[in-house]
Amino acid sequence: MIFEPEIETMEHEALVELQSARLRELVSTVYERVPYQRERLDAAGVKPSDIRGVSDLWKLPFTRKSDLRDTYPFGLFAKERGELLRIHASSGTTGKPTVVGYTSGDLEVFGKVCARALAGGGGRPGMLLHNAYGYGLFTGGLGIHQGGEALGMIVVPASTGMTERQVKLIMDFGAEVLCCTPSYALTISREFAKQGIEPCEIPLQHALVGAEPWTETMREEIDSSLGVKSVNIYGLSEIIGPGVSFECVEERHGSHINEDHFLAEVVDPDTGEVLPDGEEGVLVITTLTKEALPLIRYWTSDITSLDHSRCSCGRTLTRMTGVKGRTDDMLIIRGVNVYPTQIEAALGRVGALAPYYRLLVDRSGTLDQLEVEAELSKEVFAEITSDFLSEEIVEADQLLRSVKEDAQRAIRDNVGISARVTLLEPDRLPRSEGGKSQRVVDKRKVLAG
Ligand code: DLL
């Protein structure tokens, strides 16, 4: 189902016209109302009259997270306090929190883009939506909540945590759609298994998961263990929250960007030069309709690429590939750039492993060391245990050694670095309680600082 077909299936030329008109208005508003932005535009030598349409976008300077931090809390807002209805903020674990605000118009857009995502992912009016994104300063819970209501779904505001209760609510209420982070979807599926509930007994049909990077291996695991068709949903609070882009259930191949509200570019992380379709770089977004916090060419730090080809679902909205990670999540190990999702994808090729892992990075002398802790699948662990119990120690040892070698080879071949793999028994690594998972321990940072 397409929530707003007149927009989502719009022809490209009409869309560019709409975007251009909105861009002109945005630049004038920001210039008039936000002194900090006016100074930056002046410094870059750009006047609102220089921006006639989307083709002039490149003339505008990038806005970065540091601009939000430097003007903490409300310095980039284009509206007076009295015109705001809501504030969200990041947790601020890596510095000052970034604070974002919404007018009633912004909240309406927020609801609509999330409704488009829910409809794209298989949601329908009247279906029951179990929303296990966190409610609070995080945009996930309230954004999806509003989207569900805008689509006409029945929303259960479950929020995160208390997984046993989540499972009971899903079963008792007959939830058809689940929204949560991919790692929490796996935690929920584990709880179902623990309670002896088979995937075919679970009423869920669809899942919209996002807020953190995930891979196709994880998708397979989520789908098979919950009996759903899971789709990706992407967004960031600076731009609006969830609903910047979403996968359609028909293709599940790239996320359609809500381009009437968010103008997307992918740029070279080093030069800032705009890249063509298919080339990976940093996603940069200009908010076309945001009233409280309009942002020009916001540098998301997320690595992706664009795809303007037609999609079988009928939407003409451009797609972006799954986000590989943030530039600030990138590890440099012995000079090689490594994203945790690349290791995740490599481990996914090793059938004997479960999709739970942790990366431990350390330095011995001047040499970086990468240790990958990976959990064995329950089946392989059971096989090894039974070999040990029947004193077939050699077989058990051989199996362990071959899994380890397979994992090390997969990492070497797919990521281009050597790593030491440590195999763990199932359920050893900490599980998500609903928030974003932390999969990297970089001891070099502790040493440095
Ligand atoms: O995570 C908004 C959201 C909520 C998106 C619920 C989807 C679902 P922030 O907390 O501001 O907002 O974090 C934004 O999370 O820049 C990405 O690095 C990452 N991220 C979000 N969605 C995805 C995704 C919400 N689908 C940051 N895949 C972004 C990969 C994602 N990374």
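Guide: Two strands pair if DSSP finds at least two bridges between them. Helices (H or I, at least four residues) and strands (E, at least two) are DSSP runs, numbered from the N terminus. This is a predicted model, in which local features need pLDDT of at least 70 and side-chain atom pairs count only at pLDDT 80 or more, while totals for chains, interfaces and linings use all residues. Residues are numbered from 1 along each chain as its sequence is written, and side-chain values use heavy atoms, with hydrogens and water left out.

Visitor: What makes E3 and E4 a pair of strands?

Guide: Three bridges join E3 (residues 128-131) to E4 (residues 154-156), and the rule asks for at least two, so they pair. The two strands run parallel. His 130 has Val 156 as its bridge partner in E4.

Visitor: How is the crossover from E3 to E4 handed, and how do you know?

Guide: The chain passes from E3 through helix H6 (residues 139-151) to E4, and this β-α-β crossover is right-handed. The word applies because, with the strands pointing away from the viewer, the path from the first strand over the helix to the second runs clockwise.

Visitor: Which other strand pairs with E3?

Guide: Strand E5 (residues 177-180) does, in the parallel sense, over three bridges. Asn 131 stands opposite Cys 179 in E5.

Visitor: Which way do the residues of E3 point?

Guide: Leu 128 and His 130 point one way, Leu 129 and Asn 131 the other. In a regular strand the side chains alternate between the two faces of the sheet. All four named residues of E3 are buried.

Visitor: Why is Pro 97 called partly exposed?

Guide: Buried means under 20% relative accessible area and exposed over 50%, with partly exposed in between (1.4 Å probe, protein chains only). Pro 97 has 24%, so it counts as partly exposed. Pro 97 lies in the loop between strand E1 (86-89) and strand E2 (99-102). Leaving aside neighbours within four places in sequence, Pro 97 is in contact (heavy atoms within 4.5 Å) with Tyr 72, Ser 90 and Gly 92.

Visitor: Why is the pair of Phe 74 and Phe 77 called tilted?

Guide: Rings of Phe, Tyr and Trp (its six-membered ring) pair if their centres lie within 6.5 Å; planes under 30 degrees apart count as stacked, over 60 as edge-to-face and the rest as tilted. By this rule there are three aromatic pairs. One of them is Phe 74 with Phe 77, at 5.2 Å centre to centre and 35 degrees between the planes, a tilted pair. Phe 74, at 31% relative accessibility, is partly exposed, whereas Phe 77, at 8%, is buried.

Visitor: What makes Tyr 102 and Phe 110 a stacked pair?

Guide: Their ring centres are 5.5 Å apart and their planes are at 10 degrees, so the pair is stacked. Tyr 102 has a relative accessible area of 0% and is buried; Phe 110, at 0%, is buried too.

Visitor: How do you know that a charge sits over the ring of Tyr 356?

Guide: The rule wants NZ of Lys or CZ of Arg within 6 Å of the ring centre and within 35 degrees of the ring normal. The charged end of Arg 431 sits over this ring, 3.4 Å from its centre. Arg 38 lies over the face of Tyr 31, at 5.9 Å from the ring centre.
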